[in-house]
Amino acid sequence: MSATHSGKDPLKLADEDGHFRRVASKFRDAVSPDPSAPFPAEKDRYVLYICYGCPWAHRANIVRSLKGLEDVIQLVVMGNVLTSDGWLYDGKHGSAPRDPLYGFTSHSQLYLKADPEYKGRYTVPTLWDKKKETIVNNESSEIIRMFYSTFDELLPAELREVNKSGGGYYPEKLRRDIDSMNEWVYDTVNNGVYKCGFSASQEAYDANVVPLFESLDRLEKQLEDRRTPYLWGEHITDSDIRLYTTLIRFDVAYVTIFKCNYKQIRYDYPHLHKWLQRLYWTEDVETKGAFKKTTHFAPVSWR
């Protein structure tokens with residue numbers, strides 16, 4: 001989720017034609033297991049900045065917990081006040097009263113420390129390098145892929161991807177299927193709720209709300225047909241993680257705030273509802289309790 005660099009209302013993000021179009025993330029470097037790389041995997045070097053209300057940041061926090069990276073990557077949680085200066089620190093709902101590294105009071109200050117000429121949105125998640133004092137990456141899909149395996153040499157053997165049943169969170173044998181699903185789920189569901197909620201015309205809303213519910217119907221059918229606990233089988237994958245952070249917010253926030261109200265998960269999608277309950281409530285070798293632990297409902301419906 002993001003705030004703008006200008007003085008505009010940070011929640012009025014539609015273009016002149018009424019459609020919301022998400023701007024690509026600007027920082028796209030990667031942490032590497034290679035010790036000679038510009039950003040090598042090291043314990044206590046990196047910081048993950050998040051806001052509990054943001055589904056994109058939630059993805060990264062889930063994977064940090066699933067992978068047992070809590071003692072490797074520091075977590076900084078901002079408050080849920082969104083302004084033109086980005087997310088603010090306010091000490092509420094488990095957030096920090098100010099940035100523990102630099103004493104900053106808004107997320108924009110971190111971005112401008114990394115690049116004083118930066119023009120754009122102050123997004124989370126943000127992966128920060130304490131040694132080079134810069135942003136490594138602010139694209140959630142890339143951060144979670146880094147977390148899957150890049151830090152594995154710093155973890156116990158049982159937490160490494162190579163030793164996981166099913167091939168890990170992004171198994172080689174399922175990558176084509178996962179990437180294909182992620183593409184349409186991102187466009188119509190993850191980002192689709194925002195394209196509905198931030199639309200500034202009836203035409204823009206209509207153009208996005210129908211594909212959103214068509215995709216939810218498609219996901220419901222996949223779970224119904226496969227009869228497996230997770231989207232691609234017996235084990236959690238990248239697709240489950242990416243979808244969860246949208247659907248756990250759907251009934252409590254998007255139905256009302258973003259007017260995505262044709263149907264609700266709990267009443268109209270029994271297989272998706274069961275899948276969501278399994279991820280949230282189950283604490284076993286698959287979930288490790290990470291989904292429930294990182295889900296915070298108060299910030300989700302803060303508006």
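Select Lys132 and Phe39 to start: the charged end of Lys132 sits over the ring of Phe39, 4.8 Å from the ring centre. The model on screen is a predicted one. For another case of this kind, select Arg145 and Tyr170; here the charged end of Arg145 sits over the Tyr170 ring, 3.6 Å from its centre.

Next, select strand E1, residues 46–51. Six of its six residues are buried, and the strand is mostly covered. Show the side chains: Tyr46, Leu48 and Ile50 point one way, while Val47, Tyr49 and Cys51 point the other way.

Strand E5, residues 126–129, pairs with E1 in the antiparallel sense over four bridges, and Leu127 of E5 stands opposite Leu48. Strand E2, residues 74–78, pairs with E1 in the parallel sense over five bridges; in E2, Val76 is the bridge partner of Tyr49. To get from E1 to E2, follow the chain through helix H1, residues 55–66; this β-α-β crossover is right-handed.

Move on to His107, in helix H2, which covers residues 107–114. Is His107 buried or exposed? With a relative accessible area of 0%, His107 is buried. Leaving aside residues up to four places away in sequence, His107 touches Tyr49, Met78, Asp85, Trp87, Tyr122, Thr123, Val124 and Thr126.

The last stops are aromatic rings. A pair of such rings is described by the distance of the centres and the angle of the planes. The count of aromatic pairs in this model comes to 23. Select Phe27 and Tyr111: the ring centres are 5.8 Å apart and the planes stand at 75 degrees, so this pair is edge-to-face. Phe27 lies in the segment before E1 and Tyr111 in helix H2, so the pair ties together parts that are 84 residues apart in sequence. Both Phe27 and Tyr111 are buried.

Then select Tyr102 and Phe104, an aromatic pair that is stacked, at 5.2 Å centre to centre with 25 degrees between the planes. Tyr102 has 24% relative accessibility and counts as partly exposed, whereas Phe104, at 13%, counts as buried.

Finish with a group selection: Trp56, Tyr186, Tyr194, Phe198, Phe213, Phe250, Tyr254, Phe258 and Tyr262. Ring pairs link these residues into a cluster.

Conventions:
Residues are numbered from 1 along each chain as its sequence is written. This is a predicted model: local features need pLDDT of at least 70, side-chain atom pairs count only at pLDDT 80 or more; totals for chains, interfaces and linings use all residues. Side-chain values use heavy atoms; hydrogens and water are left out. Buried means under 20% relative accessible area, exposed over 50%, partly exposed in between (1.4 Å probe, protein chains only). Helices (H or I, at least four residues) and strands (E, at least two) are DSSP runs, numbered from the N terminus. Two strands pair if DSSP finds at least two bridges between them. A crossover is right-handed if, with the strands pointing away from the viewer, the path from the first strand over the helix to the second runs clockwise. Contact means heavy atoms within 4.5 Å. Rings of Phe, Tyr and Trp (its six-membered ring) pair if their centres lie within 6.5 Å; planes under 30 degrees apart count as stacked, over 60 as edge-to-face and the rest as tilted. A charge sits over a ring if NZ of Lys or CZ of Arg is within 6 Å of the ring centre and within 35 degrees of the ring normal.
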